[in-house]
Amino acid sequence: MAQVEATTERVIAADAEAVFDALADYKEVRGKVMTGHFGEYEVREGGDGEGTVVHWKLQATSKRVRDCLLDVTEPTDGQLVEKDRNSSMVTTWTVTPAGEGRSRAVVSTVWDGAGGIGGFFERTFAPKGLGRIYDELLQNLATEVEK
C-alpha cells in the first residue's frame with residue numbers, strides 16, 4: 001500500500017486569525033462552506049477546533065462515498081488536524097500570514113491507498129479529484145471571510 005496525498009492552497013484576502021477561526025468553527029462556518037460533495041454533516045462533540053468530533057459523508061465520485069468520523073486537534077498555532085476514525089485519512093489545514101490583510105490556507109489530505117491496479121488509479125486520479133473539491137471549499141471559505 002502506498003500513501004496517497006492531495007494538497008490544495010489558496011491566498012485569501014483576510015487575516016490569518018480570521019481564516020483560522022472560520023475553519024475551526026465547525027458549528028456555524030464549516031457547514032456553510034462545505035461543497036455539495038459533503039453530506040450528512042453533523043457536529044457530534046465540541047464545535048470549535050480542538051476536541052471537536054464531526055461527521056460527514058464525502059462523495060468523491062458518483063460511486064465512491066467515504067463515511068468520515070473525524071477527531072479534530074490543533075497541534076500548533078494556525079493548524080487543524082482532522083483524523084478519520086473510520087480510515088487512515090488525515091487532513092491537515094494550515095493557515096499562515098501572507099502579507100498585509102492576507103493569509104495562505106493550505107489543506108493536505110493523506111491516506112493509505114489500495115494496492116494493485118486499483119491503487120494505481122487511486123494514486124493517479126484521487127488527488128486531482130480531491131484537490132478540485134478542496135479548491136471549491138477554499139473558494140467558499142474565502143467568500144465567507146472576505147465579506
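Predicted model: local features only at pLDDT ≥ 70, side-chain atom pairs only at ≥ 80, totals over all residues.
Salt bridges come first. A search through the whole structure turns up eight of them. One links Glu-82 to Arg-30, with the closest N and O atoms 3.0 Å apart. Glu-82 sits in strand 5 and Arg-30 in helix 2, so this pair ties together parts that lie 52 residues apart in sequence. Both partners are tucked away: Glu-82 is buried at a relative accessible area of 1%, and Arg-30 also counts as buried, at 1% relative accessibility.

The pairing of Glu-40 with Lys-57 sits in another setting. Here the closest N and O atoms are 3.7 Å apart. Because Glu-40 belongs to strand 2 and Lys-57 to strand 3, the bridge connects parts 17 residues apart in sequence. Glu-40 is exposed, with 52% relative accessibility, while Lys-57 is partly exposed at 27%.

Asp-71 and Arg-85 make up another bridge, and their closest N and O atoms are 2.7 Å apart. Asp-71 is in strand 4 and Arg-85 in the loop between strand 5 and strand 6 (90-97), so parts 14 residues apart in sequence get tied together. Asp-71 is partly exposed at 26% relative accessibility, and Arg-85 is likewise partly exposed, at 47%. Elsewhere, salt bridges with shared partners join Lys-32, Glu-144 and Lys-147 into one network.

One of its members, Glu-50, is in the loop between strand 2 (38-45) and strand 3 (53-59) and is partly exposed, at 48% relative accessibility. The C-alpha atoms of Glu-50 and Pro-75 are separated by 8.7 Å, though the two residues are 25 apart along the chain. Pro-75 itself is in the loop between strand 4 (65-73) and strand 5, and it is partly exposed at 49% relative accessibility.

Two buried residues round out the picture. Gln-79, in strand 5 (residues 79-84), has a relative accessible area of 19%, so it counts as buried, the cut-off being under 20%. Thr-35 is in the loop between helix 2 (29-33) and strand 2 and is buried, with a relative accessible area of 4%. Not counting residues up to four places away in sequence, Thr-35 touches Ile-133, Glu-136, Leu-137 and Asn-140.

How values were computed. Residues numbered from 1 in each chain as written. Heavy atoms only, no water. Helix = DSSP H or I, 4+ residues; strand = E, 2+ residues; numbered from the N terminus. Buried < 20%, exposed > 50% of the residue type's maximum accessible area, 1.4 Å probe, protein only. Contact = heavy atoms within 4.5 Å. Salt bridge = Lys/Arg side-chain N within 4 Å of Asp/Glu carboxyl O.
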